[in-house]
Amino acid sequence: RQSPMSSRVSLSWTRRFAPPSRTAFKRGLVTWLGLTTISLVALVKRTDGLLKALLGGPALLCASVLVYGTYRKERGQLPFSEDEQRASAERLGGFGRHVTTKDGRVVEYLVYGSNREDATVMVQMHGATSTGGLMCTWNAEMFRQLNIRGIAPTMPNSGYSDIQPDRRIANFPRDDLAPILWAEGVDEFLVDGHSLGTSHALAVAWYFGPNHAEHRCIGLGLNCPYLSTPLCDELGFRCDADDLFLVRNNDPREWHAAWNFTLADVTNLLPFASPPMAIGHMIWPKLAEERPWVLPMVAEDQKRTGARGYVGQGYEMTCYATNTLWGFDPRHIRTKHVAVWWAHDDGSPGIASPRVSRRPALWRPPFQPRRCE
């Protein structure tokens, strides 16, 4: 079936001032770092008095960060390449596809696993700073063996999907996933997610309930889930986002929050230290030793996250409203088949995420979750 929502209208901010290649992003970051370093050294050498140098240095650095972030924000994304996206998905063992939403955004997704008519459909939601490609890499072969057809959308602001500066998780099922389910002819499906993907999986189960007219979620899986700030406030749980002033008061759309785009480039493009999981073995040596294939796999997908540049991550990584407010209450979910994976060494899913991984159950849904450790 073809989605009636597939008008190909381009968003102006994703095309405006598009840079010529991904290499330009890294070249621009290195140039900015060099100029900023030279300026700071010159300031210290030419300033009379230690106090003036100590005051002028941070001021110059803050101004430089805002200027670079504003520049990157205005440059926008690279144009979407359908051929490139399909080739990328094939290398991962799946099929690359995309839909266009009512507001004209491109949303990429990967299809993998079984192609049999009687295959069970599972929608898989990736975590932060990654794409649907990671879910495909992880599960394509296993899904073929289990007769499961996987569908892994890439969230807005990541991978080959368009940016969406003001996105809210509650709207993801209606705006992004519904056109995919329509295009793939899916009526009933399972959904799972990990880390940031758990909030999206919860939203999917909430929106596509048992009484939905076209698509019904009949099973839900959560790997290291977290809860929204409103729920944490209501139930008296500590939230990481509330502990950090820059996150709690962060709206990347504001001019003074242009540091988000500098942070996104530095985190993902800094030579010899990016993508973040490239140095993951220094942070998780036990994991690197026990499962040496995990961190390189995630690192490779983090490169895919920037397939069109990392400006989307500037809107996404520490956006308080997107990551922690959600816009729905998971206690209203009516999906009855639920599995929760959780382990004692699971950390908080992210810097802007409520910390609940070491807490007891926070609500009593109309099902009994099965705990798998």
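Predicted model: local features only at pLDDT ≥ 70, side-chain atom pairs only at ≥ 80, totals over all residues.

**Exercise 1. Find the angle at which helices α6 and α7 pack, and classify it.**

Solution. 
- Step 1: Locate the partners, with α6 spanning residues 172–184 and α7 spanning residues 196–207.
- Step 2: The two helices pack at about 85 degrees, and their axes are 10 Å apart.
- Step 3: Angles of 65 to 115 degrees count as roughly perpendicular, so α6 is roughly perpendicular to α7.
- Step 4: On the α6 side, F172, P173, R174 and L177 make the contact, and on the α7 side H200, A203, V204 and Y207 do.
- Step 5: Sorting the residues of this contact by type gives 6 nonpolar, 1 polar and 1 charged.

**Exercise 2. Repeat the analysis for helices α2 and α11.**

Solution. 
- Step 1: Helix α2 covers residues 22–46, while α11 covers residues 259–269.
- Step 2: The axes of α2 and α11 come within 10 Å and cross at roughly 105 degrees.
- Step 3: From α2 come F25, K26, L29 and W32, and from α11 come T262, D265, V266 and L269.
- Step 4: The tally for the contact of α2 with α11 is 5 nonpolar, 1 polar and 2 charged.

**Exercise 3. Is N250 buried or exposed, and which side chain does the side chain of N250 join through a polar contact?**

Solution. 
- Step 1: Look for N250 in the loop between α10 (245–248) and α11.
- Step 2: The relative accessibility of N250 is 6%; buried means under 20%, so N250 counts as buried.
- Step 3: The side chain of N250 is joined to that of N260 by a polar contact of 2.9 Å.
- Step 4: A polar atom of the N250 side chain also lies 2.7 Å from the backbone oxygen of T318.
- Step 5: Leaving aside residues up to four places away in sequence, N250 touches A257, W259, N260, T318, C319 and Y320.

**Exercise 4. How many aromatic pairs does a search of the whole structure find? Work out the geometry of W206 with Y207 and of F261 with Y315.**

Solution. 
- Step 1: The search finds 9 aromatic pairs.
- Step 2: For W206 and Y207, the ring centres are 6.3 Å apart and the planes meet at 55 degrees, so this pair is tilted.
- Step 3: W206 is partly exposed at 29% relative accessibility, and Y207 is partly exposed at 29% as well.
- Step 4: F261 and Y315 form an edge-to-face pair, with 4.8 Å from centre to centre and 85 degrees between the planes.
- Step 5: F261 belongs to helix α11 and Y315 to helix α15 (residues 311–316), so their pair ties together parts 54 residues apart in sequence.
- Step 6: F261 is buried at 1% relative accessibility, and Y315 is buried at 7%.
- Step 7: Now widen the view: ring pairs link F189, W206, Y207, F208, Y226, W326 and F328 into a cluster.

**Exercise 5. Where is W341 found, and how far is W341 from N223 in space and in sequence?**

Solution. 
- Step 1: W341 sits in strand β7 (residues 338–341).
- Step 2: With a relative accessible area of 35%, W341 is partly exposed.
- Step 3: From C-alpha to C-alpha, W341 and N223 are 4.7 Å apart, yet they are 118 residues apart in sequence.

Technical notes: Residues numbered from 1 in each chain as written. Heavy atoms only, no water. Axes fitted to C-alpha atoms, helices over the stretch in contact; angles between N-to-C directions. Helix = DSSP H or I, 4+ residues; strand = E, 2+ residues; numbered from the N terminus. Parallel < 35°, antiparallel > 145°, perpendicular 65-115°, else oblique. Contact = heavy atoms within 4.5 Å. Nonpolar A, V, L, I, M, F, W, Y, C, P; charged D, E, K, R; others polar. Buried < 20%, exposed > 50% of the residue type's maximum accessible area, 1.4 Å probe, protein only. Polar contact = N/O pair within 3.5 Å; in protein donor to acceptor, adjacent residues only side chain to side chain. Phe/Tyr/Trp six-rings, centres within 6.5 Å; stacked < 30°, edge-to-face > 60°.
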